[in-house]
Amino acid sequence: MKKIYFWEPWFFIFFGVFHLHRIWGLIDRNSYAEFWLGILGDKGLLYFSIMSILAFLCITGIITFIKNKDHNYIWRWIYFFGGGYLLFDLFAIEAGLGFWNSLLSKMFDINNPYWNIIWSFFVLLGCIVFILGIILFKKRRVQNNI
């Protein structure tokens with residue numbers, strides 16, 4: 001039987017808000033790029049806190065996807081592909097992979113002519129994921145007669 005776990009709506013709501021914060025990058029390129037490049041360069045407590053939370057959530061999602069392989073909801077593929085991508089992203093950043101650092105440098109280049117397209121995509125992704133979280137929250141309430 002298919003079941004929406006307690007944490008699943010919150011997973012998508014969290015990732016939605018995380019992506020929605022990128023509206024800041026559309027409003028103020030300089031401070032947004034400075035903040036994130038500072039976090040990535042400093043690798044202090046905030047960096048490791050964010051990376052740990054993201055990695056934990058992705059691993060939990062992938063485990064849930066695998067555990068329910070015979071009766072998954074279609075949206076759980078997000079755990080597999082999105083979580084896999086994010087874990088690779090975290091690994092590439094931590095390992096200092098040259099091509100990935102180059103890509104990040106281009107993404108955070110405030111003079112990049114594609115700046116608005118890149119960060120608008122992430123904001124749109126955040127909206128979609130946040131809405132999915134709200135839908136799952138409501139479906140879970142119905143599923144559990146709450």
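Tutor: Helices here are DSSP runs of H or I with at least four residues, strands are runs of E with at least two, and both are numbered from the N terminus. The model is predicted, with local features requiring pLDDT of at least 70 and side-chain atom pairs counting only at pLDDT 80 or more, while totals for chains, interfaces and linings use all residues. Residues are numbered from 1 along each chain as its sequence is written, and side-chain values use heavy atoms, with hydrogens and water left out.

Just after helix 5 comes G96, whose phi is positive, at about 70°.

Y79, G83, L86, D89, L90, A92 and I93 of helix 5 are buried, where buried means under 20% relative accessible area, exposed over 50% and partly exposed in between, with a 1.4 Å probe and protein chains only. An α-helix has 3.6 residues a turn, so residues three or four places apart point the same way. Among the elements that cover the buried residues of helix 5 are helix 1 (7–20), helix 3 (29–42), helix 4 (45–67) and helix 6 (98–107).

Of these covering elements, helix 1 can be followed in detail. Helix 1 and helix 5 pack at an angle of about 45°, and their axes are 14 Å apart; axes are lines fitted to C-alpha atoms, for helices over the stretch in contact, with angles running from 0 to 180 degrees between N-to-C directions. Helix 1 and helix 5 are therefore oblique to each other, given that angles under 35 degrees count as roughly parallel, over 145 as roughly antiparallel, 65 to 115 as roughly perpendicular and the rest as oblique. Their crossing is left-handed, a term used if the near helix is turned anticlockwise from the far one by less than a right angle, whereas clockwise is right-handed. From helix 1, W7, E8, F11, F12 and F15 meet I78, Y79 and L86 of helix 5, contact being heavy atoms within 4.5 Å.

Helix 1 also packs against helix 4, where the two axes come within 11 Å and cross at roughly 140°, and that angle makes helix 1 oblique to helix 4. This crossing, too, is left-handed. Here W7, E8, F11, F14, F15 and F18 of helix 1 meet I50, I53, L54, L57, C58, T60, G61 and T64 of helix 4.

Apart from neighbours within four places in sequence, F108 is in contact with Y32, A33, W36, L37, L40, W115 and W119.

I110 sits in the loop between helix 6 and helix 7 and, with a relative accessible area of 27%, is partly exposed; residues up to four places away aside, I110 touches R29, N30, A33 and W115. K43, in the loop between helix 3 and helix 4, has a positive phi of about 50° although K43 is not a glycine, and its 29% relative accessibility makes it partly exposed.

In helix 7 lies R140, which is buried at a relative accessible area of 17%. Beyond its neighbours within four places in sequence, R140 is in contact with I4, Y5, F6, P9 and I146.

For the chain as a whole, there are seven helices and zero strands, and 39% of the 146 residues are buried. Among contacts with a separation of 6 or more, 71% join residues 24 or more positions apart. Along its principal axes, the C-alpha trace spans about 50 × 30 × 25 Å.
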